[in-house]
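Please keep the sequence and the coordinates at hand while reading.

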Amino acid sequence: MSGSILIVDDEKGQRDILTAILSKKGYRITSVPSGEEALQELERAEYDLLLTDLKMQGISGMELMERVLGDNPSQCVVMMTAHGTIDSAVEAMKKGAFDYLEKPLEREDLILTVQRAFERIMLLKENRVLHKKLAETRTLPNMIGEHPKMMEVARIIHKIAPTSTTVLIYGESGTGKELVARAIHDGSPRRDKAFFAINCAAIPDALIESELFGHEKGSFTGAGSREIGIFEAADGGTVFLDEVGEMNVSMQAKLLRAIQEKEIRRVGGKMNIPVDVRIISATNKDLEQETKRGNFREDLFYRLNVIRITLPPLRERGNDIVTLANFFLKKYSQASGISVKGIGKPALKILLDYGWPGNVRQLESVIERGVLMAESEYIQPEDLPAEVHHDASLTGSLPFDFPAEGISIDNLERDLITKAMQRADWVIAKAAPLLGMSYKTLQYRLEKFGIGRPE
């Protein structure tokens, strides 16, 4: 591990011990005995991490931190406090410290905390680099399409991105909800801070609290060390909660509290940690109906639903299908080095007639396959997968005649689920949109019917 640390402590013995431990771990260390000298040192050079004692003669650690963060808000600071001054540690974190260490310091604690601080420092650095790249490629728009409904989405994003209001994005699976969330983040004053996306349906109920809020060492079986959650890691940035309608009701209460109080508590932790995050959530469920059924807290719904953005399904976007198909064609022919010039007219007609249950994500994978399968310079109908040739979603029509002896819905459902799982190579997250189900519903159905991947 490399990185630079400035240690500030008025006890020489403490400085020497810290220097010895952290140098051994590969960090570049400079140490000074006072806040005044620390300020001089920071004017002279940049340091990734500032590790400072709280109680010192002259400028205290708290005052030092406030002055440093005033000049450079992204400076990472870890505060060392004497045993019993936990209130000061809480105050330090409220004012912007990354974490605190209690004296007498334990070697393992020190190393772990510094490691976590550097993980965050690296994240922020990567984030800045990515945003710089993103700014350079701004000509490639985040969302493609000229349909009036998409123009309206772009208008709303443009208007609300600079604020810090919560946003709820409605849309079927594959419509690009995460792209919209990223566009909002990139257009906001938080663009240089972290953006974290989490799919609430893909994380088991038992783990979601620890994933969002972190946990303390020993708080549950397997919790071998303190871990920070997404809310802490994204401090100052944006958290995107996809499929928020799948969150269980007790977790909804904790999320509501975090939004209202602007603070979280790690699992097994005693202290509340202030966090400043913007929440953007997304759902393919009708949350108003879910609140009436008692599956979603009404108070949380109103908190999340300050601004609502509804993404139209691809089948309602008319000629955008052609625009997107051509965009993906260019993308995948460049990426694969296969020279495909365009989509033949008969193939284009099939794409326009299809219902696209998996929306833009499905169109992208169909075009990627088309590029790889194309025998000529143009994608032809035979290069497209069977699913788009036979669209059974025509209003009121079944893809087969109704048998005279009747039908077993259970058997039909079992067969459909098995087919979808085979098509998706037994990946639940890929099969769920094909069936218009959420991840959790499909998981439940697989267990109910005892469907498993054949050996």
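## Backbone features

Glu243 sits in the loop that runs between β10 (238–242) and α10 (249–261). This is a predicted model, and in it Glu243 has a positive phi of about 50 degrees although the residue is not a glycine. Glu243 counts as buried, because its relative accessibility is 13% and the limit for that class is under 20%.

A positive phi also occurs at Asn359, again a residue other than glycine, where the value is near 55 degrees. Asn359 belongs to helix α15, and with a relative accessibility of 0% Asn359 counts as buried.

A further backbone feature is the cis peptide bond between Lys103 and Pro104, for which omega is about -5 degrees. Pro104 is placed in the loop between β5 (99–102) and α5 (107–136).

## Helix α15 and its cover

Helix α15 comprises 15 residues (359–373), and at 1.5 Å a residue they should span 21 Å, which agrees with the 21 Å that separates the end C-alpha atoms. Several residues of α15 are buried, among them Val360, Leu363, Glu364, Val366 and Ile367. The cover over the buried residues of α15 includes the helices α13 (320–336), α14 (345–353) and α16 (386–389), together with the strands β15 (342–343) and β16 (378–379).

## Nonpolar cores

The largest nonpolar core has 56 residues, of which Leu212, Phe231 and Leu241 touch the most other members. When its neighbours within four places in sequence are left aside, Leu212 is in contact with Ile198, Gly229, Ile230, Phe231, Leu241, Met247 and Met251. A second core, separate and made up of 24 residues, includes Ala347, Val360, Val366 and Leu384. Val360 and Val366 from this second core are also listed with the buried residues of α15.

## Salt bridges

| Salt bridge | Distance, N to O |
|---|---|
| Arg67 and Glu63 | 3.4 Å |
| Glu364 and Lys331 | 2.9 Å |
| Lys341 and Glu377 | 3.5 Å |

Arg67 and Glu63 are separated by about one helical turn, because they lie four residues apart in helix α3 (residues 61–71). Arg67 is partly exposed, with a relative accessible area of 41%, and Glu63 counts as partly exposed at 34%.

The side chains of Glu364 and Lys331 also meet in a salt bridge, and this pair links distant parts of the chain, with Glu364 in helix α15 and Lys331 in helix α13, 33 residues apart. Glu364 is buried, whereas Lys331 counts as partly exposed at 38% relative accessibility.

Lys341 is exposed, with a relative accessible area of 55%, while Glu377 is partly exposed at 38%. Elsewhere, salt bridges that share partners join Asp99, Arg116, Glu216, Arg226, Glu232 and Arg266 into one network.

## A nonpolar surface patch

On the surface, Ile407, Ile409, Leu412 and Leu416 form a nonpolar patch whose accessible area together is about 340 Å². Ile409 is found in helix α17 (residues 409–423), and Ile409 is exposed, with a relative accessible area of 58%.

Terms used: Residues are numbered from 1 along each chain as its sequence is written. This is a predicted model: local features need pLDDT of at least 70, side-chain atom pairs count only at pLDDT 80 or more; totals for chains, interfaces and linings use all residues. Side-chain values use heavy atoms; hydrogens and water are left out. Patches are made of residues with over 30% relative accessible area and no salt bridge: like charges are joined within 9 Å, nonpolar side chains (Val, Leu, Ile, Met, Phe, Trp, Tyr) within 5 Å. Accessible areas come from the Shrake-Rupley method with a 1.4 Å probe; for residues, only the protein chains shown count as cover. A salt bridge is a side-chain nitrogen of Lys or Arg within 4 Å of a carboxyl oxygen of Asp or Glu. Helices (H or I, at least four residues) and strands (E, at least two) are DSSP runs, numbered from the N terminus. Buried means under 20% relative accessible area, exposed over 50%, partly exposed in between (1.4 Å probe, protein chains only). A nonpolar core is a set of buried Ala, Val, Leu, Ile, Met, Phe, Trp, Tyr and Cys residues joined through side-chain atoms within 4.5 Å. Contact means heavy atoms within 4.5 Å. The expected span of a helix is 1.5 Å times one less than its number of residues.
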